Amino acid sequence: ATVDIKFDRADKYYEPGEVVAGTYVYNEASTGVNHQGVVMNIHGYLDTVSIIRGKYGRPPLKEHERIYFLQERKELESAGWINCKQEYNFEFDLEANVAGESLVETYVGVDFSIIYEVTVMILKGSKIIQETETFHVAIRGQGIKESLGKRAEPLDFKIDPSSLDGSSITSVPKFLFEGRISSVNC
């Protein structure tokens, strides 16, 4: 038995103050299962683990050693029956809730990472079926210091075969990348 978590945005990027929403699905061969509750833990924290270094990097910090920005536990369902293969909704406000801390943009570095994740747990007697999925926090203008003459200058961009230089663009398949750079002045 497994749990699948899906966010309502394919890129899983959210900004402070937005609602993070999605669904979870309990997967098992049967039609469903009795449970003692479905709980979701929401965490945002600094850790020394790094996917860049992989198994050669430092081990992750113990939970009590991490610096948390966001720690929340929500009951999604009280004890009862959960249907298999049915989507159940979840949502929460993306806000720092640890005293003295504020949200920090998601970061994957060599020596540390800023990680945001949700874990959905189905409590089934002495057994816990759980899944963890990460999401990303983007903070517009973070790191731009106006005292140094910097300001947010967003730039929309579009890249397609016609915007490429070179003589081989006729052999390039059709594609389109669109986006926005939060600031070109940082």
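The model is predicted.

The chain holds 13 strands and zero helices. Of the 186 residues in the chain, 32% are buried.

The largest nonpolar core has 30 residues. Within this core, Tyr 24 and Phe 135 touch the most other members. Strand 1 (2–7), strand 3, strand 5, strand 6, strand 8, strand 10 and strand 11 (127–137) each give two or more residues to this core. The most come from strand 10, which supplies five residues.

A search of the whole structure finds 11 aromatic pairs. One of them joins Tyr 24 and Tyr 88. Their ring centres lie 5.5 Å apart, and their planes meet at 20°. Planes under 30 degrees apart count as stacked, so the pair is stacked. Tyr 24 belongs to strand 3 (residues 19–27) and Tyr 88 to strand 8 (residues 87–93). The two residues are 64 residues apart, and the pair thus links distant parts of the chain. Tyr 24 is buried, with a relative accessible area of 0%. Tyr 88 is also buried, with a relative accessible area of 11%.

A further pair is formed by Tyr 45 and Tyr 68. Here the centre-to-centre distance is 5.5 Å, and the angle between the planes is 50°. This pair is tilted. Tyr 45 lies in strand 5 (residues 37–47), whereas Tyr 68 lies in strand 6 (residues 67–77). The pair therefore ties together parts that are 23 residues apart in sequence. Tyr 45 has a relative accessible area of 4% and is buried. Tyr 68, at 9% relative accessibility, counts as buried too.

Aromatic residues also gather in a group. Phe 7, Tyr 14, Phe 69, Phe 90, Phe 92, Tyr 116 and Phe 135 form one aromatic cluster. Phe 135 of this cluster is, with Tyr 24, one of the core residues that touch the most other members.

Arg 66 is in the loop between strand 5 and strand 6, and Asp 47 is in strand 5. The two are 19 residues apart, and their pair links distant parts of the chain. Both Arg 66 and Asp 47 are buried.

Side chains of opposite charge can pair when their charged atoms come close. Another joins Glu 18 and Arg 9, with the closest N and O atoms 3.0 Å apart. Glu 18 counts as partly exposed, at 26% relative accessibility. Arg 9 counts as partly exposed at 30%.

Lys 124 forms a salt bridge with Glu 28. Its closest N and O atoms are 3.7 Å apart. Lys 124 is in strand 10 (residues 113–124), while Glu 28 is in the loop between strand 3 and strand 4 (32–35). They are 96 residues apart, and this pair also links distant parts of the chain. Lys 124 is partly exposed, with a relative accessible area of 21%. Glu 28 counts as partly exposed at 25% relative accessibility.

The surface carries a nonpolar patch. Its members are Leu 155, Phe 157, Ile 159, Leu 164, Phe 177 and Ile 181. Together they have about 480 Å² of accessible area. Strand 12 (155–159) and strand 13 (177–181) each supply at least two residues of the patch. Strand 12 gives the most, with three residues. Ile 159 is placed in strand 12. This residue is partly exposed, with a relative accessible area of 35%.

Note on methods: Residues numbered from 1 in each chain as written. Predicted model: local features only at pLDDT ≥ 70, side-chain atom pairs only at ≥ 80, totals over all residues. Heavy atoms only, no water. Phe/Tyr/Trp six-rings, centres within 6.5 Å; stacked < 30°, edge-to-face > 60°. Helix = DSSP H or I, 4+ residues; strand = E, 2+ residues; numbered from the N terminus. Buried < 20%, exposed > 50% of the residue type's maximum accessible area, 1.4 Å probe, protein only. Salt bridge = Lys/Arg side-chain N within 4 Å of Asp/Glu carboxyl O. Patch = residues over 30% accessible without salt bridge, like charges linked within 9 Å, V, L, I, M, F, W, Y side chains within 5 Å. Areas by Shrake-Rupley, 256 points an atom, 1.4 Å probe, with all protein chains shown as cover. Core = buried A, V, L, I, M, F, W, Y, C linked by side-chain atoms within 4.5 Å.
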